[in-house]
Amino acid sequence: MLRQMLLSRRVTAPSFLGKKTGVRRYVNTAAGSGGRRQNQRTATSVLPTTQRKSSGSSSPALMLSTSAAGDVRDTVIIGSGPAGYTAALYTARAQMKPLMIAGFQHGGQLQLTSDVENFPGYAEAVSGPDLMEDLRKQAERFGTEMMYRDVTSVDLSRRPFRVSVRKREFFAKSIIIATGAEAIWLGAEGEEQVKGRGVSTCATCDGAFYEGKEVVVVGGGDSAMEEALFLTKFASKVTIVHRRDGFRSSRIMLERVKDNPKIHLKLHRTVKKWVSEGGDLSGAELEDPRGQDAVELLPCSGAFLAIGHKPMTKFLHSISSSSGGGPAEAKESSSSSVVELDEDGFVVHKQHTMTSVEGVFACGDVVDRRYRQAISAAGMGCQAAIDCERWLAEEEGGGA
Ligand SMILES: Cc1cc2nc3c(=O)[nH]c(=O)nc-3n(C[C@H](O)[C@H](O)[C@H](O)COP(=O)(O)OP(=O)(O)OC[C@H]3O[C@@H](n4cnc5c(N)ncnc54)[C@H](O)[C@@H]3O)c2cc1C
């Protein structure tokens with residue numbers, strides 16, 4: 001029923017719904033979403049009042065109270081997860097009047113989850129959308145301007161930098177990138193139905209729901225080993241399913257896994273199909289990718305995919321459609337105009353939170369391949385804002 005409601009509202013991603021059964025529930029509404037999820041409430045409750053109340057012919061989401069083309073912003077923040085909102089809060093309080101280009105799916109990954117129990121400051125669990133709403137309000141209270149669109153490209157070869165949202169262009173002395181990363185899903189048969197109904201991409205977030213249950217971890221790198229070891233705190237049995245017999249993980253992690261009596265290895269196996277009962281995950285059909293042996297059924301209540309994350313950096317590769325016009329003080333930048341990424345596409349910090357492009361900072365999951373938590377993203381958002389403010393003060397001769 002609810003699924004139908006969501007479909008009819010064209011919500012493009014699945015959502016978590018409650019934890020009463022001990023299993024987080026997503027309602028999946030889009031195939032191949034790549035894991036970006038939206039809570040059912042997102043569509044209304046998180047929509048800012050400015051967006052809800054506005055009317056008129058132009059897109060309400062593009063309405064900004066004070067921006068005009070040609071204004072040069074002290075900073076433009078791209079992305080509105082915990083990292084972006086925290087960077088906005090700090091830069092706004094530093095009187096930098098930030099413009100946040102929040103993204104079409106604003107609010108970030110926590111929009112997709114029901115209860116968050118590990119964000120400091122909330123004695124009771126808080127729903128992901130409510131937490132993000134609090135962060136947004138706090139950032140707006142100090143003057144952050146919001147725009148609910150995706151950045152399509154940036155031109156970092158000149159100062160001020162140019163940030164494009166389709167045909168609209170904004171100018172900025174500095175930029176803070178906070179666009180997050182999305183988990184890579186397997187794409188196995190039946191996966192869309194069990195996302196959030198047993199299949200998860202975050203053991204730290206969801207592991208505690210599997211007390212005394214049998215779970216599966218898919219992957220062969222350090223993340224998979226870490227997730228498996230963490231899950232032994234709750235699960236009665238953890239099976240690592242890996243498509244080869246060689247591991248990318250470090251030897252020490254592999255040894256720890258092998259020494260743990262709760263962890264079992266299923267090598268040369270891939271998940272062909274997720275099996276469910278009453279809508280919740282009940283098992284995984286495994287096959288040998290070498291084409292040998294029959295398919296086997298591995299019963300499990302939970303499954304954790306640890307096969308990587310994809311940082312959201314596409315806009316950094318797009319060629320800006322900038323016409324070359326712009327503010328009079330525009331000049332060629334002397335530093336690199338390319339934000340350096342690592343081999344998996346994560347933004348690389350060069351000096352504190354500054355990227356390879358002077359004046360461009362990055363924070364949160366788009367940088368972080370290790371912690372990937374809301375509080376670590378928020379913490380890095382604070383760092384990026386302080387670094388940005390100090391850099392700008394020095395650039396403009398005022399000192400920090
Ligand atoms: C289902 C789920 C449950 C989780 N539960 C927990 C939990 O309980 N506790 C916890 O600490 N962590 C949890 N996490 C992890 C946590 O959500 C992330 O670590 C955190 O949200 C990362 O914050 P971020 O600001 O770096 O990025 P994100 O939250 O990913 O936000 C990035 C934002 O940038 C926007 N964006 C992307 N591209 C563009 C663009 N081109 N232009 C403009 N905007 C753009 C996106 O739309 C998004 O709004 C969970 C994650 C998931 C997926």
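Two strands pair if DSSP finds at least two bridges between them. Keep that rule at hand for the sheet below.

**Before you start**

This is a predicted model: local features need pLDDT of at least 70, side-chain atom pairs count only at pLDDT 80 or more, and totals for chains, interfaces and linings use all residues. Residue numbers run from 1 along each chain as its sequence is written.

**Whole chain**

Show the whole chain as a cartoon. It holds 11 helices and 23 strands. These elements are DSSP runs, numbered from the N terminus: helices are H or I with at least four residues, strands are E with at least two. The chain has 400 residues, and 44% of them count as buried. A residue is buried if 20 or more other C-beta atoms lie within 10 Å of its own, exposed if 12 or fewer, and partly exposed in between; the C-beta atoms are placed from the backbone.

Now think about contacts. Two residues are in contact if their C-beta atoms, placed from the backbone, lie within 7 Å. Among contacts with a separation of 6 or more, 65% are between residues 24 or more positions apart.

**Stop 1**

Select residues 214-218. This is strand β14, and 4 of its 5 residues are buried. β14 and β20 run parallel and are joined by 4 bridges. Look for V216, which stands opposite A303 in β20.

β14 and β15 pair in the parallel sense over 5 bridges. How does the chain get from β14 to β15? It passes through helix α8, residues 222-231, in a right-handed β-α-β crossover. Right-handed here means that, with the strands pointing away from the viewer, the path from the first strand over the helix to the second runs clockwise.

V217 stands opposite I240 in β15. V215 stands opposite V238 in β15.

**Stop 1: K237**

Select K237, found in strand β15. Is it buried or partly exposed? K237 counts as partly exposed because 17 other C-beta atoms lie within 10 Å. Leaving out residues up to four places away in sequence, K237 touches E214, K262 and H264. Draw a distance from K237 to K262. They are 25 residues apart in sequence and 5.1 Å apart in space, C-alpha to C-alpha.

**Stop 2: helix α4**

Select residues 82-93, helix α4, one of the elements that supply at least two residues of the shell around the ligand. α4 has 12 residues and reaches 16 Å from its first C-alpha to its last, close to the 16 Å expected at 1.5 Å a residue. The expected span is 1.5 Å times one less than the number of residues.

Is α4 enclosed or open? 11 of its 12 residues are buried, so α4 is largely enclosed by the rest of the structure. Among the buried residues are P82, Y85, L89 and Y90. Show β3 (72-78), β4 (99-101), α5 (128-141), β11 (168-177) and α11: the buried residues of α4 pack against them.

Step past the helix. Q95 follows α4 and has a positive phi, near 60°. Then comes K97, in the loop between α4 and β4. The phi of K97 is near 45°, positive in a residue other than glycine. K97 counts as partly exposed, with 17 C-beta neighbours inside 10 Å.

**Stop 3: around the ligand**

Select the 37 residues around the ligand. G81, G103, G108, G180 and G364 come nearest. A residue is near a molecule or strand if its C-beta atom, placed from the backbone, lies within 6 Å of it. Helix α11 (374-395), like α4, supplies at least two residues of this shell.

What is the shell made of? It divides into 18 nonpolar, 16 polar and 3 charged residues. Ala, Val, Leu, Ile, Met, Phe, Trp, Tyr, Cys and Pro count as nonpolar, Asp, Glu, Lys and Arg as charged, and the others, Gly among them, as polar.

**Stop 4: two backbone details**

Select R159 and P160. A cis peptide bond joins them, with omega about -5°. P160 sits in the loop between β9 (158-159) and β10 (161-165).

Finish at H268, in the loop between β16 and β17 (270-277). The phi of H268 is near 55°, positive in a residue other than glycine. H268 is partly exposed, with 16 other C-beta atoms within 10 Å.
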